[in-house]
Amino acid sequence: MAGDEWAAAKRKFPYESTVNGTVEEVAPFGIFISVEGLQSSEAFADVAGMHHGGFDGSTVIWPEVGDSVTGVVVEHTEHNHQLKLHLR
């Protein structure tokens, strides 16, 4: 992503803002999300940022490719121009 696009993404989605998107890829360490409202912006939610369920809260609930997700921006990752999310 070009510098201008990344700067615009950070302005549009500052820390603690809500982001809607679609799961594009599922990896063992987290998911990659296409963000609504931004052309070439990608977001990432790692295992720590996923929904947790089960009796003791230790079960990670993994969305599937194509699922719609909503998350909160917790970081702007500069080296790869990604929004890091915690899912809701």
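Trainee: Before we start, what counts as a salt bridge?
Mentor: A side-chain nitrogen of Lys or Arg within 4 Å of a carboxyl oxygen of Asp or Glu.
Trainee: OK, and how many does the structure hold?
Mentor: Two salt bridges. Keep in mind this is a predicted model, where local features need pLDDT of at least 70, side-chain atom pairs count only at pLDDT 80 or more, and totals for chains, interfaces and linings use all residues. Residues are numbered from 1 along each chain as its sequence is written, and side-chain values use heavy atoms, with hydrogens and water left out.
Trainee: Which residue pairs up with Lys84?
Mentor: Asp46, with the closest N and O atoms 3.1 Å apart.
Trainee: New topic: how many residues are in the largest nonpolar core?
Mentor: It has 16. Such a core is a set of buried (under 20% relative accessible area, 1.4 Å probe, protein chains only) Ala, Val, Leu, Ile, Met, Phe, Trp, Tyr and Cys residues joined through side-chain atoms within 4.5 Å. Phe13 is among those with the most contacts inside it.
Trainee: What does Phe13 touch?
Mentor: Leaving out residues up to four places away in sequence, its contacts (heavy atoms within 4.5 Å) include Val35, Val73 and Leu83.

How values were computed: Buried < 20%, exposed > 50% of the residue type's maximum accessible area, 1.4 Å probe, protein only.
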